[in-house]
Amino acid sequence: MNVLVLGSEGMLGTALMSVFENAVGYDKEELDITDRDMVLERVIEREPDLVINAAGYTNVDSAESNAELANMVNGEALYFISEACAEVSAPLVHFSTDYVFDGKNGDGYS
Ligand SMILES: NC(=O)c1ccc[n+]([C@@H]2O[C@H](COP(=O)([O-])OP(=O)(O)OC[C@H]3O[C@@H](n4cnc5c(N)ncnc54)[C@H](OP(=O)(O)O)[C@@H]3O)[C@@H](O)[C@H]2O)c1
C-alpha cells in the first residue's frame with residue numbers, strides 16, 4: 001500500500017513511519033500543509049492509497065496567542081488535504097485531540 005504521512009517528523013508521524021515501513025513521509029520543510037497549491041501538487045503527484053495527517057499545531061498555550069496560525073494548521077489545512085485526497089480517491093486519516101473539549105464533561109468522551 002502506498003501510504004503518505006504528513007508531519008512525518010513529529011511524535012505521531014515518527015511512530016507511523018516506523019509502522020508503515022514503505023510509507024513516504026513529508027515533514028514541514030518538505031510540505032507545509034497550509035500551502036494549498038503545495039498540498040495539491042505533492043499529494044496528487046504521489047497518488048497515495050492512504051494519507052495520514054500527523055501534522056498539527058500542538059503547542060496548546062501558544063495556540064491561544066497564535067490563534068490564526070493554529071486554526072490554519074489544525075483547521076483550514078484539512079480542507080486542502082481533503083481536496084487533494086478527493087482528487088486521487090485516497091482515504092484520509094486525521095487525529096483530533098481532547099484539548100478541543102472544555103473539560104466540563106470530565107475526562108471521558110466517547
Ligand atoms: N501525541 C499524542 O499523545 C496525541 C494525542 C492525541 C492527539 N494527537 C494529535 O496528533 C497530531 C500530532 O501530534 P504529535 O504529538 O505528533 O505532535 P508533534 O510532535 O508536535 O508533531 C506535529 C508535527 O507537525 C508539524 N507541523 C506543524 N505545522 C505544520 C505545517 N504547517 N505543515 C506541516 N507540518 C507541520 C510539526 O513540525 P515542526 O515541529 O517543525 O513545527 C511537527 O513535526 C496532532 O493533531 C495532535 O493533536 C496527539
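A polar contact is a pair of N or O atoms within 3.5 Å; within protein, one must be able to donate a hydrogen and the other to accept it, and residues adjacent in sequence count only if both atoms are side-chain atoms. The model is predicted: local features need pLDDT of at least 70, side-chain atom pairs count only at pLDDT 80 or more, and totals for chains, interfaces and linings use all residues. Residues are numbered from 1 along each chain as its sequence is written, and side-chain values use heavy atoms, with hydrogens and water left out.

**Ligand site**

- The ligand has 17 residues around it, and Met11, Leu12, Lys28, Asp32 and Thr58 come nearest; a residue is near a molecule if one of its heavy atoms lies within 4 Å of it.
- A polar backbone atom of Gly10 is 3.2 Å from an oxygen atom of the ligand.
- A nitrogen atom of the ligand lies 3.0 Å from a backbone N or O atom of Ile33.
- On its own the ligand has 890 Å² of accessible area, of which the protein covers 66%; accessible areas come from the Shrake-Rupley method with a 1.4 Å probe, and for residues only the protein chains shown count as cover.
- The shell around the ligand has 8 nonpolar, 6 polar and 3 charged residues. In this count Ala, Val, Leu, Ile, Met, Phe, Trp, Tyr, Cys and Pro are nonpolar, Asp, Glu, Lys and Arg are charged, and the others, Gly among them, are polar.

**Nonpolar cores**

- A nonpolar core is a set of buried Ala, Val, Leu, Ile, Met, Phe, Trp, Tyr and Cys residues joined through side-chain atoms within 4.5 Å. Buried means under 20% relative accessible area, exposed over 50%, and partly exposed in between (1.4 Å probe, protein chains only).
- The largest nonpolar core has 20 residues, of which Leu4, Leu6, Ile33, Val39, Val43, Val51 and Ile81 touch the most other members.
- At least two residues of this core come from each of β1 (3-6), α2 (36-46) and α4 (67-88); α4 gives the most, with 7 residues. Helices (H or I, at least four residues) and strands (E, at least two) are DSSP runs, numbered from the N terminus.
- Ile81 is in contact (heavy atoms within 4.5 Å) with Leu6, Ile33, Val39, Val51, Asn53 and Leu92, leaving aside its neighbours within four places in sequence.
- Leu16, Ala23, Ile52 and Ala54 are included in a second, separate core of 7 residues.

**Ser8**

- Ser8 sits in the loop between β1 and α1 (11-19) and is buried, with a relative accessible area of 9%.
- The Ser8 side chain reaches the backbone nitrogen of Asp27 at 3.5 Å.
- Beyond its neighbours within four places in sequence, Ser8 is in contact with Gly13, Thr14, Met17, Gly25, Tyr26 and Asp27.

**Exposed positions**

- Met1 lies in the segment before β1 and is exposed, at 72% relative accessible area. Leaving aside neighbours within four places in sequence, Met1 is in contact with Asp49 and Leu50.
- Glu47, in the loop between α2 and β3 (50-53), has a positive phi near 45 degrees although it is a residue other than glycine. Glu47 counts as exposed because its relative accessibility is 58%.
- Ser89, in the loop between α4 and β4 (92-94), is not a glycine but has a positive phi of about 55 degrees. Ser89 counts as exposed, at 66% relative accessibility.
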